[in-house]
Amino acid sequence: MMRLIYGRIEDGSVTAHIQNHYDRAFDRIRIGEKLYKVERARKLRHKQTFVLTEVQE
C-alpha cells in the first residue's frame, strides 16, 4: 500500500503526518535533535504527509 501511495521510499526515511495542510515555505523539519529534508509531500483530504530523509550537518 505504501508503494502505491508514495512510490519508491528510500531506506532510513521517515514518514510524518500532520492533521492539517501547511502552506508556508520551509527548508527543514526538526524532530528532536535531528534535521530532515522533505523528499515528497502529499496533501490528503484533511491531512498532509511528508517523506523525510535525515540531513547531516
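**Exercise 1.** Determine how many bridges join strand β2 to β3.

*Solution.* Step 1: locate β2 at residues 29-31 and β3 at residues 34-43; strands (E, at least two residues) are DSSP runs, numbered from the N terminus. Step 2: apply the criterion that two strands pair if DSSP finds at least two bridges between them. Step 3: three bridges join β2 to β3, and these strands run antiparallel. Step 4: as an example, I29 has Y36 in β3 as its bridge partner. Step 5: the hairpin of β2 and β3 has two residues between the strands, and G32 there takes a positive phi near 65°.

The model is predicted: local features need pLDDT of at least 70, side-chain atom pairs count only at pLDDT 80 or more, and totals for chains, interfaces and linings use all residues. Residues are numbered from 1 along each chain as its sequence is written, and side-chain values use heavy atoms, with hydrogens and water left out.

**Exercise 2.** Identify in which sense β3 and β4 pair, and name bridge partners in β4.

*Solution.* Step 1: β3 pairs with β4 in the antiparallel sense, over seven bridges. Step 2: R40 has V51 as its partner in β4, while A41 has F50. Step 3: the two strands, β3 and β4, form a hairpin with four residues between them.
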